[in-house]
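Dear colleague,

I am passing a structure on to you, and below it I have written out what was found in it. Please keep it open beside this message while you read.

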Amino acid sequence: MDFLRPASWEEALAAKAEHPTAVPIAGGTDVMVEINFDHRRPEYLLDLTRVADLYEWEVGEENVRLGASVPYTQIMENLRPELPGLALASHTVASPQIRNRGGVGGNLGTASPAGDAHPALLAAGAEVEAESVRGTRLIPIDAFYTGVKRNALAPDELIRAVHVKKADGPQQYSKVGTRNAMVIAVCAFGLALHPETRTVRTGIGSAAPTPVRAKTAEEFLNAALDEGGFWDNGKVITPSVAKQFADLCAAACNPIDDVRGTASYRRHAVGIMARRTLTWTWESYRGTAARSEGVA
Amino acid sequence: MPSNAPLGTPTKVTQGSPTKGGIGESTLRPDGTLKVTGEFAYSSDMWHEDMLWGQILRSTVAHAEIVSIDTVEALKTPGVYAVMTYDDLPTDVKNYGLEIRDTPVLAHGKVRHHGEPVAIVAADHPETARRAAAKIKVEYRELPVITDESSATAPDAILIHEGRDDHHIGHVPHPNIVHRQPIVRGDVASARERADFIVKGEYTFGMQDQAFLGPESGLAVPAEDGGVDLYIATQWLHSDLKQIAPVLGLPEDKVRMTLSGVGGAFGGREDLSMQIHACLLALRTGKPVKIVYNRFESFFGHVHRHPAKLYYEHGATKDGKLTHLKARIVLDGGAYASASPAVVGNASSLGAGPYVVEDVDIEAIALYTNNPPCGAMRGFGAVQACFAYEAQMDKLADEVGMDRVAFRQLNAMEQGTLMPTGQVVDSPAPVAELLRRVQAMPMPPEQQWLTAGEAADVRQLPGGLSNTTHGEGVVRGVGYAVGIKNVGFSEGFDDYSTAKVRLEVVGGEPVAVVHTAMAEVGQGGVTVHAQIARTELGVTQVTIHPADTQVGSAGSTSASRQTYVTGGAVKNSCELVREKVLELGRRKFGTYHPAWATAELLLEGGKVVTDGGEVLAHLADVLEGETVEIEAEWRHRPTEAFDLHTGQGFGHVQYTFAAHRAVVEVDTELGLVKVIELACAQDVGKALNPLSVVGQIQGGTTQGLGVAVMEEIIVDPKTAKVRNPSFTDYLIPTILDTPTIPVDVLELADDHAPYGLRGIGEAPTLSSTPAVLAAIRNATGLELNRTPVRPEHLTGT
């Protein structure tokens, strides 16, 4: 196994072009476990820790451009207002030590359905900035996950950053594990309200071969909120609407039975999390609406 | 010459001299700071110049005939020094085992469980060894797997071990049953007639792992005399030695063992793991060989707690008195016997719990199956039984219409009660009092997740940091449980220990050196031995010699026994040293003061004093250049075997009791549990080190919580393969899963034991699990007859 240590982003791209089988490593919280247990023995490891740019983030007008290696701890501590869903998801990642090293780039690169960041990225609306010596492209998050532990990256591409829409409304994130901390998701759910576009987006983790959105549930809820004038009147969402939304989210799952949980439990739990996160975000939205009315 | 305390007579309880750092004080562990700061050297940290690394190839299937093993490619690997299989074993002794030597050092002809050692490799780098092991080609012809009682005892069942000749085969109903122990007393059939209420239950206990943090590891160094020095993390050096030496073909004095840093044990190091393999490779290659399991291998490298099915029937009269108990306990011992016979003895003899019930018919068996071998783990058979009888107590109390605690108190045993084995409980048994104490503790406040601000503190809620509820669906429940555990090795086992104690003067200061073979596995023996020596010899400075086989056996660090038995041995040897010192003093100074002849003399603060406190001489003057050293064995009172048909007999040395009150909050919609508090009351006889006592109780309580809500090795019933051999999927409690554990310690002396002490390590592991389960049942109204409880069970999904 050769260890490639590029000193800059350009060198990293060149190395990846030369050795498309090279496995990028940054925090090493996933790759090193695989190597230590001999589950994986890549020909080349491409160490990105010297590429300082990957640890930076920029808060723009519309988006946050989040470097691929920005550790979860930084997201929790610095980007809570802009990326509340992702910050909540970051809180649930493993232990403090792992959160100090691991970042979203690794989650995306591995593309495990159980990656904690995915539901938050799906719900917020994100684009993955992928680059190779051939150029840069932005891959919409909806098109990024292509199969179990597979993604849309070309063999010579590296993830430089992820562009996440700044929150324009409340976001929530829930994850079920059988321990109260430091646990891999049995299933997870992300929800973001987008009052500017009057839409709701979702993300489901660990309950299908890839992270997925519950699109039918979103469409149903978008229509129901519009029809009832909820975005304007800020009324409490009726229990029947919340239940239907929850049921549709559960129906969006395509889970399996495994050592962490049963398929039917996963479906059930996604439904519960959908209902609860909708309640939390909507209550928060109503609170905001009321306050802004007050100010006006 | 070894000197023994008289058998069967109570040890005199003496009030030790008040020397600083003596018994009863919370002196600190000598290894505490090193462990907390990461500087302590564990067995996996050892290194020797020129050493090789050993690697074990393990079976990928659970039950198969071995058709062939091809080691050619492995041997060709550069850097490989040796590859060994069964055929390379040097003597006719090719098996080992704690009681029944049924475990092959390397598989021969057949593998009986997933992960069984088949071949071993030594190479100059661990990676080389691992890769070479992977090149060994083993051809298996798979056999059907036996995974439960019905497949094990079917008339045409394949025998896991053919041609058994162990001493249990004569009394078991089927060769796939390791051991069977009935406990029969009174007449259950007629007692059942008196019952106004009868409660039956079937309970399932999952397979728990000890999950010690320091994986199996050791270093074998070949010696010039043809012997071997083995540095090893174990629970009992001399038991290892007796199993290792014959396989190597060496006399025991040529296998010199030294305890290295042990990272936890909990029963998982009672059986051998890599000891013989490392020695074989070291003797074969003439080089030191180190073997360290990684976490994955560790899950295959030691026995687990027996999973169990328990069938219980209790009766009670309408005024709440127990009439009878009929119980059947089926323990899955897996492929090899390990400690199964003794676990059967415990499960059956303690199967009625700490209650008065005169008509009893209990049967416990352990099966041979192709599941992972199971053996010793903290609580040892008493844990599984406690889970069942405590669930029964709640159901019965409800049937009778009594408060659940009051019902237990009404039926609680006390000093003088007859066990179902006919043994009289002849020391305090404060069962009702322990329950009263946990019940009397203040309840934790409701809804602790509410904060001054708007947001809920999710750390206080089920789901914790995963942010699954802000209070929705959360219901509180409270549950109680109490248990009974034996202390020490039972059923007639010669459960002695040995201590060598030396007193000498170094630089004008008297110093005691305590040398035992006791395995310090975290329990705190090294702390209390020093305390005992200070108390008995009146010195401040005590050196604890490293544990090795250059001194007699200390017995196992198991069964909550070390403070009792090796502590007793240290006390005894100190007393013998003290007698000698006083003799010396009388000879030298006797004529100067009449008190030398008439008064009771003590050693205190480095001086010989009368019981009135008058100083007669300085130890330094008494000893002058002389060293007083005594090595002596010490025994607690003997026990006897249980009758094979009736289970009657004076089987246990001592009983120990703990009670818990669990307060849980359950997210009833998601099936997630937060244990809010686990209050414990335990009688410890005498707390030699109160800080350590509380630590043991909190640790045992947490381990019991683990198997209540998360810890389980999952074995595929179709293949008998382990599905979750990692800390990713075998979950143990984090600090966010660990509740507040208020502890109420009782000290009611047991007059038979040194200082009146009672073993403490295991009892809290028993009642913790059923208390948590009772609290979850209380919150959800569900029956929950299995542990651990998973979200699926709570949500019906």
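Let me begin with a pair of helices in chain B, where H11(B) passes H12(B) in a left-handed crossing; please bear in mind throughout that this is a predicted model. The contact between the two is made by Val405(B), Arg408(B) and Gln409(B) on the side of H11(B), and by Ala432(B), Leu435(B) and Gln439(B) on the side of H12(B). Helix H11, which covers residues 404-411 of chain B, packs against helix H12, residues 431-440 of chain B, at an angle of about 160°, and their axes are 9 Å apart. Angles over 145 degrees count as roughly antiparallel, and H11(B) and H12(B) are therefore roughly antiparallel to each other.

A second pair of helices in chain B can be read in the same way. Helix H10 (residues 382-400) of chain B and helix H18 (residues 763-780) of chain B have axes 8 Å apart and pack at an angle of about 40°, and H10(B) passes H18(B) in a right-handed crossing. On H10(B) the residues that meet H18(B) include Phe387(B) and Ala391(B), while those on H18(B) include Leu766(B) and Leu773(B). The residues of this contact divide into nine nonpolar, three polar and two charged.

Ala107(B) sits in the loop that runs between strand E5 (103-104) and strand E6 (110-111) of chain B. Is Ala107(B) buried or exposed? A residue counts as buried if 20 or more other C-beta atoms lie within 10 Å of its own, and Ala107(B), with 22 other C-beta atoms within 10 Å, is therefore buried. Leaving out residues up to four places away in sequence, Ala107(B) touches Ser59(B), Ile66(B), Tyr86(B), Glu116(B), Pro117(B) and Val118(B). Of these, Tyr86(B) is 21 residues from Ala107(B) in sequence, and the two are 6.3 Å apart in space, C-alpha to C-alpha.

The other alanine, Ala720(B), is in the loop between helix H17 (690-709) and strand E30 (743-746) of chain B, and it counts as buried, with 23 C-beta neighbours inside 10 Å. Although Ala720(B) and Val145(B) are 575 residues apart in sequence, they are 6.7 Å apart in space, C-alpha to C-alpha. Beyond its neighbours within four places in sequence, Ala720(B) is in contact with several residues, among them His113(B), His114(B), Asn370(B) and Asn371(B).

Next comes the meeting of the two chains, in which 31 residues of chain B are in contact with 29 residues of chain A. Strand E29 (672-683) and helix H19 (791-795) of chain B are the elements that give two or more residues to the side of chain B that touches chain A, and H19(B) gives the most, with three residues. That side of chain B divides into nine nonpolar, 13 polar and nine charged residues.

With best wishes

Notes: Residues are numbered from 1 along each chain as its sequence is written. Chains are lettered from A and ligands numbered from 1 in the order in which they are written. This is a predicted model: local features need pLDDT of at least 70, side-chain atom pairs count only at pLDDT 80 or more; totals for chains, interfaces and linings use all residues. Axes are lines fitted to C-alpha atoms, for helices over the stretch in contact, and angles run from 0 to 180 degrees between N-to-C directions. Helices (H or I, at least four residues) and strands (E, at least two) are DSSP runs, numbered from the N terminus. Angles under 35 degrees count as roughly parallel, over 145 as roughly antiparallel, 65 to 115 as roughly perpendicular and the rest as oblique. A crossing is left-handed if the near helix is turned anticlockwise from the far one by less than a right angle, and right-handed if clockwise. Two residues are in contact if their C-beta atoms, placed from the backbone, lie within 7 Å. Ala, Val, Leu, Ile, Met, Phe, Trp, Tyr, Cys and Pro count as nonpolar, Asp, Glu, Lys and Arg as charged, and the others, Gly among them, as polar. A residue is buried if 20 or more other C-beta atoms lie within 10 Å of its own, exposed if 12 or fewer, and partly exposed in between; C-beta atoms are placed from the backbone.
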